Amino acid sequence: MIFSPNAIQRLTRALVCTALLALCYGPLARAAVPEVSYTVSLASPEQHLVEVQIMLPPGAGDRELQLPVWNALYQIRDFSQYVNWVRAKDRSGKPLEVLEINPSRWQVKGAADGAIVEYQIYEDSPGPFGAQLNPHHAFFNLAQLLMYAVDAREVPLSLHFSRVPSDWSIATPLSSQDDSFHADNYDRLVDSPVEIGKFQESDFDEAGGHFRVIIDADPSDYDAQKIVAALHKIVASAISWMNDRPFDSYTFFYHFPRGPAGGGMEHAYSTAIDLNADQVKGGLDALTGVTAHEFFHLWNVKRIRPQTLEPIDYTKENYTPALWFSEGVTSTAEGMIQLRAGLLNEQQYLVRLGEEITELERRPAHLTQSAEQSSLDAWLEGFGYYRRPERSISYYNKGELLGIMLDLAMRDSSHGHASLRELLQWMNLNDAKQGKFFDDSNGVRQAAEAVSHADLGWFFARYVAGTDEIPWDDFLRSAGLHVEAVTNTVADPGFLGSRNFDGPMAVAAVTPGSEADRAGLQVGDSIVELQGKPAGQDSRQQLSRLSPGDTLSVKVRSRRGGERELKWKVGARHEISYEVKNLDKVTPEQHTRRAAWLAGEAQTDSSAGSSGK
Ligand SMILES: [Zn+2]
């Protein structure tokens, strides 16, 4: 929803309404569902300071308020580090005692008749996972900003913004009424990002849904028409693949900063995506990939959701072994959506598949850490050592490959009648639409077996829970493909980069004694600039284009926050890459299977034939 705000004091009105209800209707009003209302004041954009007022309805005498310690990213970030002060008063303005229970939780005393809690918080974390107020704009992930009343997390909430500059507008997927926004509960509220500023808006309709595109960037850096044309294709492809559109309206938020950027964050009714301006100018490949991924999340993880992520515990980690599916298979779906939308062709897809296989095979930890363990350990990804190739694999990487191999395995065991598409639709209908969360990997296995009518326990035991080498050729044979190992002399930058969530590349390992080591590159550094240009999600591809002897210049940010510029000569080494190639002789059945696989479709009776292993 977008509107130009005016300066009506919502808080005063809410206070009067609630007070009147309590006075006039007494017990009746107490029995009704109370509403917590928030007023967020964009007090000092230059200082990045936001002031929040929470109107608590009458209730228990001692009330607890919690600021989440994490949100969205599977990483403890302790947002309370930014809270400057907290205070509370009653309706007459008399101060109430506020007791700190732990660094993220406060208790307000004497709040039986309701209370007004106020706090000041510093917000200057840019990007789709952050919260930021500056003179240019505000973008908020609200869990980073808004405390919840522990006894009122499930109640309807209202949100009003005050001291918004007169030429700024507000965009959020939250429903609006008058000058405030509403959510049925806190979880829904904080799953709804908010952009406030002078953004560009486009709207379009596709497949019966309404889509808003909010772009905050320099207009000379992008072509909104081209972006909207690509979005039409992506949403049409995804909706037809899932045969479902569980929303009326959906919002895309884009930021294209000229500095470092990269990443996307999924929400049930929106996504926020940051890409470096150069990545958007040079073509839309990066944008369509991350957009297809984040859009598909509206099903996978937001609605088709593992039990271990629910209920959300904002006070500590929600450990889940299912991110290989929720993230990795979302990447599998990203590829399918791009293929079906004509944004990726067969050859490009197979090249990418080879790169993913190469990435997994090159990490020694693929023999020691399973896809489920990688999911459980996601919370360790903030630590440099954890990201080393001998310590961990990526649940994005292995999960995407498992999605592809499971697709092929289901086709094999069902003579082409069942595919990943049927699996995802089954989980959507039998779990998501029934209000159920799936039983982690067991739930995926249950769905895979239900649609393929076959025992797939071996797949989950060996490759999901286990660390067996994946026999790529056995899976790819029915599509007329196999994997070839190719040894090349390649540029050796002297370090290994790893994807940190959906964010920028971080240095996972530095080769001892290498030029990079001598230049001072350290594990845990984030790559901010590569060859004089802001680093983005294509950093890995940029590095792969280097030749031995090239000079590599980077700007890095250390984990403590300081930035350094480093330069060194790229070395050389032998390296094995894996490429997905045609078998010497591809049969008509194999061609048919491949065509169905890359179309994301099951085979019809006439096309199914009797291929398979
Ligand atoms: Zn994702």
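This report walks through some salt bridges and a cavity in a predicted model.

## Salt bridges overall

The structure holds 38 salt bridges. Three of them are picked out below, and each one brings together two side chains from separate stretches of the chain.

## Lys109 and Asp62

First up is a pair from the earlier part of the sequence. The side chains of Lys109 and Asp62 form a salt bridge, with 3.8 Å from N to O. The two partners sit in distant parts of the chain, 47 residues apart. Lys109 belongs to the loop between β8 (105–108) and β9 (115–122), while Asp62 is found in the loop between β3 (49–56) and β4 (63–66).

Next, look at Asp221 and Arg258. Their closest N and O atoms are 2.8 Å apart, and the two form a salt bridge. Here again distant parts of the chain are linked: Asp221 is in the loop between β19 (209–216) and α4 (224–242), and Arg258 is in the loop between β20 (249–255) and β21 (263–266), 37 residues apart.

## Arg421 and Glu601

Now jump further along the sequence. Arg421 and Glu601 make a salt bridge whose closest N and O atoms lie 2.6 Å apart. Arg421 is in helix α11 (residues 420–430) and Glu601 is in the loop between α17 (588–599) and α18 (605–608), so this pair ties together parts 180 residues apart in sequence.

The two ends of this bridge fall into separate classes. Arg421 is buried, with a relative accessible area of 14%, whereas Glu601 counts as partly exposed at 30%.

Back to Asp221 and Arg258 for a moment: they also belong to a network with Asp218 and Lys281, joined by salt bridges that share partners.

## A cavity inside

Which residues line the second largest cavity? They are Leu360, Glu361, His366, Lys398, Asp468, Glu469, Ile470 and Trp472. Sorted by class, that lining has 4 charged, 3 nonpolar and 1 polar residues.

Conventions:
Residues are numbered from 1 along each chain as its sequence is written. This is a predicted model: local features need pLDDT of at least 70, side-chain atom pairs count only at pLDDT 80 or more; totals for chains, interfaces and linings use all residues. Side-chain values use heavy atoms; hydrogens and water are left out. A salt bridge is a side-chain nitrogen of Lys or Arg within 4 Å of a carboxyl oxygen of Asp or Glu. Helices (H or I, at least four residues) and strands (E, at least two) are DSSP runs, numbered from the N terminus. Buried means under 20% relative accessible area, exposed over 50%, partly exposed in between (1.4 Å probe, protein chains only). On a 1 Å grid over the protein atoms alone, a cavity is a set of points where a 1.4 Å probe fits but cannot get out, and a pocket is an open set with protein on both sides within 12 Å along at least five of seven lines; lining residues have an atom within 4 Å of a point. Ala, Val, Leu, Ile, Met, Phe, Trp, Tyr, Cys and Pro count as nonpolar, Asp, Glu, Lys and Arg as charged, and the others, Gly among them, as polar.
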